[in-house]
Amino acid sequence: AGPVSLLVCAECGKKNKIRPAKRGSPHCGACGVPLPWLVNATDASFGHEVDSTVSILVDLWAPWCGPCRVVGPMLENLSKEYAGRIKVIKVNVDENPALAQKFGIRGIPTMLFFKGGSPVDQMVGAASKDMIQEKVNSLV
């Protein structure tokens with residue numbers, strides 16, 4: 001089953017409760033458009049969230065990190081632009097150190113790119129939206 005996320009429809013503003021799903025992507029229960037799929041994950045919920053046929057961008061960040069605060073809004077915008085085609089998972093490494101350790105994260109922000117449930121690429125540091133978008137385009 002997994003944790004419940006609350007996703008807001010960019011089209012009509014309705015709040016939708018969504019659980020992680022292996023296949024497909026979430027659509028608004030009111031108007032039917034694809035939802036921007038941006039969720040927070042923990043050490044415990046990460047496995048549920050990353051188990052998907054949809055391409056995934058994982059943002060490993062911390063609240064005190066200035067570059068992380070620059071990248072965050074870009075990823076939110078990308079989740080809207082690529083609604084139905086990617087899932088963005090945000091992981092606070094201060095609160096979830098096991099994931100940072102598992103992936104050998106030495107600097108943040110770090111973005112991990114998953115396809116078919118497996119990591120295929122990564123970016124370390126604050127990249128431009130164009131650079132991040134280029135990686136996303138290679139996944140979808």
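**View 1. F46, F103 and F114 form one aromatic cluster.** The model shown in this and the following views is predicted. Three aromatic pairs occur in the structure. In the pair of F46 and F103, the ring centres lie 5.9 Å apart and the planes meet at 70°, so this pair is edge-to-face. It joins distant parts of the chain, with F46 in helix α1 and F103 in the loop between α3 and β6, 57 residues apart. F46 has a relative accessibility of 3% and therefore counts as buried. The rings of F46 and F114 are also edge-to-face, because their planes stand at 70°, with the centres 6.1 Å apart. Here too distant parts of the chain are linked: F46 belongs to helix α1 and F114 to strand β6, 68 residues apart. F46 and F114 are both buried.

**View 2. Surroundings of F46.** Neighbours within four places in sequence are set aside in this view. The residues then in contact with F46 are A41, V58, I89, V91, L99, F103 and F114.

**View 3. The largest nonpolar core contains 25 residues.** Which residues have the most contacts inside this core? They are F46, V58, L60, I89, V91 and F114. At least two core residues come from each of β3, α1 (46-50), β4, β5, α3 (97-102) and β6. The most are given by β4, which supplies three. Another core, of 15 residues, lies apart from this one and includes V71, L78, M123 and V136.

**View 4. Five strands make up an open sheet.** The strand order is β3-β5-β4-β6-β7, and the pairing is mixed. At the edges are β3 (37-40) and β7 (118-124), each of which pairs on one side only. From one strand to the next, the twist averages 20°.

**View 5. Strands β4 and β6 pair in the antiparallel sense.** Strand β4 covers residues 55-61 and strand β6 covers residues 110-115. Five bridges connect the two strands. Which residue of β6 stands opposite V58? The residue is L112. V58 is also one of the residues with the most contacts inside the largest nonpolar core, and V58 is in contact with F46.

Definitions and conventions. Residues are numbered from 1 along each chain as its sequence is written. This is a predicted model: local features need pLDDT of at least 70, side-chain atom pairs count only at pLDDT 80 or more; totals for chains, interfaces and linings use all residues. Side-chain values use heavy atoms; hydrogens and water are left out. Two strands pair if DSSP finds at least two bridges between them. Helices (H or I, at least four residues) and strands (E, at least two) are DSSP runs, numbered from the N terminus. Axes are lines fitted to C-alpha atoms, for helices over the stretch in contact, and angles run from 0 to 180 degrees between N-to-C directions. A nonpolar core is a set of buried Ala, Val, Leu, Ile, Met, Phe, Trp, Tyr and Cys residues joined through side-chain atoms within 4.5 Å. Buried means under 20% relative accessible area, exposed over 50%, partly exposed in between (1.4 Å probe, protein chains only). Contact means heavy atoms within 4.5 Å. Rings of Phe, Tyr and Trp (its six-membered ring) pair if their centres lie within 6.5 Å; planes under 30 degrees apart count as stacked, over 60 as edge-to-face and the rest as tilted.
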